[in-house]
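Hello,

Here is the structure you were waiting for. Please look it over, then read my notes below.

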Amino acid sequence: MLKGNGRSYRRAKRLRREMTLPEVLLWQQLRGRDGEKWRKQHPAGPYVLDFYCDAARLCVEVDGEIHARGTAPAADARRDAWLAVQGVATMRVRAAEVLNNLAGVAVWIGAVVAERRRDSRDG
C-alpha cells in the first residue's frame, strides 16, 4: 500500500471533510463497486490522492477548472510522474464530466481497473 507522510495524513483528513460535489458523487459510485476496495483522499508520499485502488495501483483525480490554470498543470505533471515511478497510474477526470456523465465515468474507471488487474496477472 502506498503510504504518506505526517503532513499528507493531516491534509488528507481535512480533505475528506471538504470533498467537492463531484468527488462525493464519484465516491458514491466507486465505494464497494465490483468488490474493489477504494480509498478516498488517500495520503501517498507528499501528496493526497482523490481516490486510490491499491489492487489496480490506480489513482483517480477529479480535476476542476483550476487544474488548467497557472502552475497547476506543471504540478500535476510532477505528481503524475512521481506516482508512475511508484507503479501507480493516474486517471484524470474533469469535474464537469463527473457532474454531466457520472455513469459513463464510472464505467470508464471500471474498465481501466479491470485492464490493470488483468495486466498485473499476465505480467
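**Helix H1 and the cores**

On one side of H1, Arg7, Arg10, Lys13 and Arg17 are exposed (over 50% relative accessible area, with a 1.4 Å probe and protein chains only; buried is under 20%, partly exposed in between). Helices (H or I, at least four residues) and strands (E, at least two) are DSSP runs, numbered from the N terminus.

A word on the source. This is a predicted model, with local features needing pLDDT of at least 70 and side-chain atom pairs counting only at pLDDT 80 or more, while totals for chains, interfaces and linings use all residues. Residues are numbered from 1 along each chain as its sequence is written, and side-chain values use heavy atoms, without hydrogens and water.

Back to H1. Its buried residues are Ser8, Ala12 and Leu15.

Now the cores. A nonpolar core is a set of buried Ala, Val, Leu, Ile, Met, Phe, Trp, Tyr and Cys residues joined through side-chain atoms within 4.5 Å. The largest has 20 residues; Leu26, Trp38 and Phe51 are among those with the most contacts inside it. H5 (102-122) is one of the elements giving two or more residues. H5 gives the most, five residues. A second, separate core has seven residues, including Ala44, Leu49, Cys59 and Leu83.

Best wishes
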